[in-house]
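Q: I have not looked at this one before. Can you walk me through it?

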Amino acid sequence: MNPLKERTLILVKPDGVRRALIGEVIARFERVGLKVVGIKMVNPDRAFIEKHYPSSKEWTVGLGQKSLSDYEQYNLDPVEQVGTKDPYEVGKLVTGWLFDYMSSGPSVAIVFEGNQAVAMGRKIVGNTIPSFAPTGTIRGDFAKDSPILANLRKRGVKNVVHASGSIEEAEFEISHWFTKKELVEYKRADEEAMFA
Ligand code: ADP
């Protein structure tokens with residue numbers, strides 16, 4: 001097993017592309033020593049996006065809970081906001097809005113390779129909800145959206161980027177977005193100085 005070969009999938013989401021943040025996102029990964037081994041612009045349809053996300057009950061409930069905790073913090077009644085306080089039902093609504101958002105325009109898909117690429121990716125990206133993402137992370141620095149606002153507008157939370165959540169997720173997502181031929185191998189000039 002070669003720790004330097006771990007890979008993660010990063011997406012600059014449609015809001016990130018429209019805001020011209022592609023270069024900014026890539027630079028943040030490159031500067032910690034993660035290497036681009038695959039990159040392309042994709043205009044995915046809804047079916048492609050539906051396959052990208054796990055869509056399990058657990059994941060859907062998790063999405064609903066993110067909205068419910070926002071409502072609780074601001075003393076808002078979820079039933080008034082979205083018609084239900086059941087996390088699974090809220091999650092199903094959010095899922096639909098998320099799929100619409102992710103298929104609303106082009107994204108840039110990038111495979112980064114390097115030591116602890118998945119964990120580093122999540123750290124660089126920051127928490128899903130921008131107000132919980134520290135300054136210095138991509139979402140903390142570039143996003144100020146919230147579930148309350150997103151749900152009011154019936155859309156997904158615009159948080160600029162996606163990063164694989166686990167090594168297994170990364171393997172599936174990379175095979176979903178890229179063919180084997182689209183992934184390359186090469187040495188970066190600074191590899192020796194950083195990792196030898
Ligand atoms: P992450 O993208 O951090 O892995 P999730 O897989 O839980 O987080 O959610 C997928 C995406 O769905 C988020 O990045 C965000 O764009 C959107 N999202 C998550 N929770 C909500 C919510 N409560 N309301 C609207 N959109 C949400």
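A: Start with helix α4 (residues 57–73) and helix α6 (residues 87–102), whose axes come within 7 Å and cross at roughly 95 degrees. Axes are lines fitted to C-alpha atoms, for helices over the stretch in contact, with angles from 0 to 180 degrees between N-to-C directions. Helices are DSSP runs (H or I, at least four residues), numbered from the N terminus. This is a predicted model: local features need pLDDT of at least 70, side-chain atom pairs count only at pLDDT 80 or more, and totals for chains, interfaces and linings use all residues. Residues are numbered from 1 along each chain as its sequence is written, and side-chain values use heavy atoms, without hydrogens and water.

Q: What does that make α4 and α6 to each other?
A: Roughly perpendicular, a label for angles of 65 to 115 degrees.

Q: Switching to the ligand, which residues come nearest?
A: K13, K66, S67, T128 and V157, of the 18 residues around the ligand; being near takes a heavy atom within 4 Å.

How values were computed. Helix = DSSP H or I, 4+ residues; strand = E, 2+ residues; numbered from the N terminus. Parallel < 35°, antiparallel > 145°, perpendicular 65-115°, else oblique.
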